[in-house]
Amino acid sequence: MRTLRIISILAALLVCCALAVGCNVGDGSQTTGDGTATTADTTVNSTSVNTESTALATGTNTEKDDATTVDGTDSTIADSTTDNSDSDAVTTDAATSDGVTGTESDTTVDSPATTDDVTDNGETADAETATAEKTTTDEEITTVEEVTNHPDATDKLVLALNSDKTEYSVIDLGDCTDKNVVIPAKVDGIPVVSISAKAFADEKEITSVFIPDTVTYIGGGAFENCFSLTSVTFSAKLEYIGDSAFADCLVLKSVTIPKTVENIGTGVFAGCKNLASIKVEMGNDVYSAENNCLIETEINTLIAGCKSSVIPDGITVIAESAFARSFLLSKINIPESVKVIGANAFSGCVQLKTINYAGNEEGWSKIQKGKGWNDSIISYNVVFAK
């Protein structure tokens, strides 16, 4: 009986255990299923949360790491490296700026400074030179005094004193109203040695000019277009007469070139339509006069002619503008010796009708004729002697 009770108790216990196990298994399965679901959910949620957390963390870290580090060790290393590189770069830049660049900067600064110094020095030198030149020029301008209406210059001409204060030059008619101009030999004991270019040009009232023996130079065009000038008394020591010095002095009748003259320019008497007498003083080694022709002797060149000129045999060149604007010249004889007729030699000779050539037509054609040698000749004939 006792045995049966024990077996019954054991059996009951087994049934309870079985029921307990069945419940546990079912609940477990469900729990497991739910649990699994729960776990899965939890896992998913956890994963999502973790992911989000991680993402947030990562994002946070990333954002932070943009300034400092990026995710993780590698990123940190990279960032650190980057930062270090940047830092190094900055350091390098800074170092370069302070160091190499600084040196270059110093050099650059020094260099430009040196260049500036050089430039400044150069500019200063140039400025000083310019100043010196200007000063010199100013001194010359200041020194070259204009003497107007000076007591000794009774003809009231305008004269200029050279920088050495040793010579005067006539530069303008000034307040002079005299028709017969007398140039003073000296002013305050200082000689008048020259007449500047164009000094009396276009002074249409002047009828005569006396040039003292102190004057050695007459500039180009000095008496050009002095339409009323009839006579000139030259300096006995005159050496130079410039181009066109007496051009278009329409009523100038005669000239005598001093024996001291060594240089005469072109067209010196061009347009002097009434010039009828040209002479050169005996003893001139450079120029001579024959048949009212002014000749450069050594080279047989006719420098200037006039309305009454007869070109002598032996002349080889009729110079540029030699007879230019000789309005009253109607006939000219040209010897066979002539080989060259210069530019404008007979230009403006509007009355020239006949050219008598001592050679034949072939010889005439071989003469070298300069540009415009016969400009403005209305009509002329060349008559050949052979």
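Colleague: Which ring does Lys369 lie over, and at what distance from the ring centre?

Modeller: In this predicted model, Lys369 lies over the face of Trp364, at 4.5 Å from the ring centre.

Colleague: And which residues are linked with Trp364 into a cluster by ring pairs?

Modeller: The cluster linked by ring pairs contains Phe323, Phe346, Tyr357, Trp364, Trp373, Tyr380 and Phe384.

Colleague: How many aromatic pairs does a search of the whole structure find?

Modeller: The search of the whole structure gives eleven aromatic pairs. One of them is Phe200 with Phe223, which counts as stacked because the ring centres are 5.0 Å apart and the planes are at 5 degrees.

Colleague: Where do Phe200 and Phe223 lie, and which parts does the pair tie together?

Modeller: Phe200 lies in the loop between strand E6 (190-195) and E7, while Phe223 lies in the loop between strand E8 (217-218) and E9, so the pair ties together parts that are 23 residues apart in sequence. Both Phe200 and Phe223 are buried.

Colleague: Changing topic, how many disulfides are found in the whole structure?

Modeller: A search of the whole structure finds zero disulfides. For Cys226, the nearest cysteine sulfur is that of Cys249, 5.2 Å away, and for Cys272 the closest cysteine sulfur is also in Cys249, at 5.1 Å, which is too far for a bond. A pair of sulfur atoms would have to be within 2.5 Å to count.

Colleague: Are Cys226 and Cys272 buried or exposed?

Modeller: Cys226 is buried, with a relative accessible area of 0%, and Cys272 counts as buried at 3%.

Colleague: What is the order of the strands in the open sheet?

Modeller: The open sheet of three strands has the order E4-E7-E9, and the pairing is parallel. Strand E4 (180-182) and strand E9 (231-233) are the edge strands, each pairing on one side only, and the twist from one strand to the next averages 5 degrees.

Colleague: How many bridges join E4 to E7?

Modeller: Three bridges join E4 to strand E7 (residues 208-210), and the bridge partner of Val181 in E7 is Val209.

Colleague: Last one, where is Leu159?

Modeller: Leu159 is in strand E2 (residues 158-161) and counts as buried at 0% relative accessibility. Its C-alpha atom is separated by 7.1 Å from that of Asp172, 13 residues apart along the chain.

How values were computed:
Residues numbered from 1 in each chain as written. Predicted model: local features only at pLDDT ≥ 70, side-chain atom pairs only at ≥ 80, totals over all residues. Heavy atoms only, no water. Buried < 20%, exposed > 50% of the residue type's maximum accessible area, 1.4 Å probe, protein only. Helix = DSSP H or I, 4+ residues; strand = E, 2+ residues; numbered from the N terminus. Pairing = 2+ DSSP bridges. Axes fitted to C-alpha atoms, helices over the stretch in contact; angles between N-to-C directions. Phe/Tyr/Trp six-rings, centres within 6.5 Å; stacked < 30°, edge-to-face > 60°. Lys NZ or Arg CZ within 6 Å of the ring centre and 35° of its normal.
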